Amino acid sequence: MHTDSGKTAAQEGGGKGLHIVAKPAGPACNLACDYCFYLEKQALFPAGTSLRMSDAVLQAFIDKYVASQPTQEVEFVWQGGEPTLLGLDFFRRVVDLQRPHNSRTTIRNSLQTNGTLLDDEWCRFLKEHSFMVGISLDGPQLIHDRYRRDRKGQGSFERATRGLRLLQQHGVEYNVMASVARETATQPLEVYSFLKAAGVEFIQFAPVVERPADQQTAQFGLRLAPPAALDRMEEQHGVTEWSVEPEAYGDFLITIFEEWVRHDVGTVFVMNFEWALNAWIGNPSPVCVHAKQCGRSLVVEHDGSVYACDHCVYPQYRLGNILTDPLSFMVEQSLQTQFGISKETALPRSCKECEVLAACQGGCPKHRFNRTFDDQIGLHYLCPGYKKFFRHIRKYLHIMTQLLENGLPVSLVMEALKGPLAISIDPKERRQAL
Ligand code: SF4
Ligand code: SF4
Ligand code: SF4
């Protein structure tokens, strides 16, 4: 499964560790979602070759990735395309190859899936090996099937929700990734109420933004544009018709936030809101899009090719191959790109002076293809939406921060919004709340 932000089962941060997302089935998938930006990457691999990670690549990846980690915790993220296409035996092999490292390392696995191929056997395995599953579900049937269909044009809602129910029945840890495309953005409460009614507790909303390819990219057989150039003016080609409109994205988040902050704080966790609160209290962002810098979130493809990030699987961002090149060298190269330190240094003046910079950090460099009001390059396409959302929620985050500072649960914000709230600062009660 693949969507705009691509950060799902595990979040990629701007910290010092190295994060590699594996795509063991490459760009293969049993669906053909309208907004998928990954299926077309098949054009980058020789026609007729297998889209399946070989045992040699798998072993090299696992060993080198574990060895590269500065801490004793290693997080593997298996993504696609659709990784479950490989079958359970592939993942049994994954667990076998990880086993020798278990005595020195705590290994965690995450799987990002469209959920359509999950069955009891899969769920038993995922539960047994404590996989965290990110499942893609955009909302109720009409909304989900608007964009998420297979090659025959059949919607995937029934199959995806069956997968969700199985995960729930087996007690597998999961979260939902809901992509926000143009039409989805017009129905925020339908999406949110549906997910809540389905018993989902952890949700991430991912905006869908793509541009049509320019001539240079189209010659590789790709129809979508690579990341924006941050050092020169680009010709503007507009966005695809399924891309969410900037302000509509802000309104979508605001509408859901207004509902959440009154009824669901502490019971439903919307990652977009958690990140904002996190930034408000001064912590570094756990998600690359809103971190100051990125560049440590590489991707290993099924053939061992390593790219600078999930959004940068384009020939110009290929860093090497896991079989032949040292990871340290590839990371160093990645940090030299616009996804390293220049995520911060290339910000236009209007971002540097922006009142919500701490929460936004200018967004993902891939989508910084707009100009500022004073004609500087490098403004994020979603800027009007980001600004509207982050500005709107400040007053609530302020209350929540005060609650935290007083050792009280943030869920008390729901009481505060009903009317005047007298916060008890009795030390005994405070200890109990903690
Ligand atoms: S599930 Fe849809 S978005 Fe994900 S990889 Fe398949 S076609 Fe792409
Ligand atoms: S370019 Fe940077 S911010 Fe954007 S998805 Fe990649 S790692 Fe994240
Ligand atoms: S809201 Fe807009 S101006 Fe402010 S940091 Fe984000 S992208 Fe830049």
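This is a predicted model: local features need pLDDT of at least 70, side-chain atom pairs count only at pLDDT 80 or more; totals for chains, interfaces and linings use all residues.

Colleague: How do the residues of the shell around ligand 3 divide into nonpolar, polar and charged?

Modeller: They divide into 7 nonpolar, 4 polar and 1 charged. Residues are numbered from 1 along each chain as its sequence is written, and chains are lettered from A and ligands numbered from 1 in the order in which they are written.

Colleague: Which residues surround ligand 3?

Modeller: The shell consists of Ser350, Cys351, Cys354, Val356, Leu357, Cys360, Gly362, Gly363, His380, Cys383, Tyr386 and Lys387. A residue belongs there if its C-beta atom, placed from the backbone, lies within 6 Å of the molecule. Two or more residues each come from α12 (349–352), α13 (357–360) and α14 (383–405). The most come from α14, with 3 residues. Helices here are DSSP runs of H or I with at least four residues, strands are runs of E with at least two, and both are numbered from the N terminus.

Colleague: Why is α9 called roughly perpendicular to α14?

Modeller: Helix α9 (residues 271–280) packs on α14 at about 65 degrees, with the axes 10 Å apart. Axes are lines fitted to C-alpha atoms, for helices over the stretch in contact, and angles run from 0 to 180 degrees between N-to-C directions. Angles under 35 degrees count as roughly parallel, over 145 as roughly antiparallel, 65 to 115 as roughly perpendicular and the rest as oblique. That angle therefore makes α9 roughly perpendicular to α14.

Colleague: Which residues make that contact?

Modeller: From α9 there are Ala276, Leu277 and Trp280, and from α14 there are Phe390, Ile393, Leu397, Met400 and Thr401. In contact means that the C-beta atoms, placed from the backbone, lie within 7 Å. By class, the contact has 7 nonpolar, 1 polar and no charged residues.

Colleague: Why are α6 and α8 oblique to each other?

Modeller: The axes of helix α6 (residues 188–197) and helix α8 (residues 246–263) cross at roughly 45 degrees and come within 9 Å. These two helices are therefore oblique to each other. Pro188, Leu189 and Tyr192 of α6 meet Phe252, Thr255, Ile256 and Glu259 of α8, a contact of 5 nonpolar, 1 polar and 1 charged residues.

Colleague: And why are α1 and α2 oblique to each other?

Modeller: Helix α1 (residues 55–68) packs with helix α2 (residues 88–98) at about 40 degrees, their axes 10 Å apart. The label oblique therefore applies to α1 and α2. In this contact, Leu58, Gln59 and Ile62 of α1 meet Arg93, Val94, Leu97 and Gln98 of α2.

Colleague: What makes β7 and β10 the edge strands?

Modeller: Strands β7 (269–270) and β10 (318–321) each pair on one side only. Two strands pair if DSSP finds at least two bridges between them. The open sheet has 10 strands in the order β7-β6-β5-β4-β3-β2-β1-β8-β9-β10, with mixed pairing.

Colleague: How many bridges join β3 to β4?

Modeller: Strand β3 (residues 106–113) and strand β4 (residues 132–136) run parallel and are joined by 4 bridges. Leu111 stands opposite Val133 in β4.

Terms used
Ala, Val, Leu, Ile, Met, Phe, Trp, Tyr, Cys and Pro count as nonpolar, Asp, Glu, Lys and Arg as charged, and the others, Gly among them, as polar. Two residues are in contact if their C-beta atoms, placed from the backbone, lie within 7 Å.
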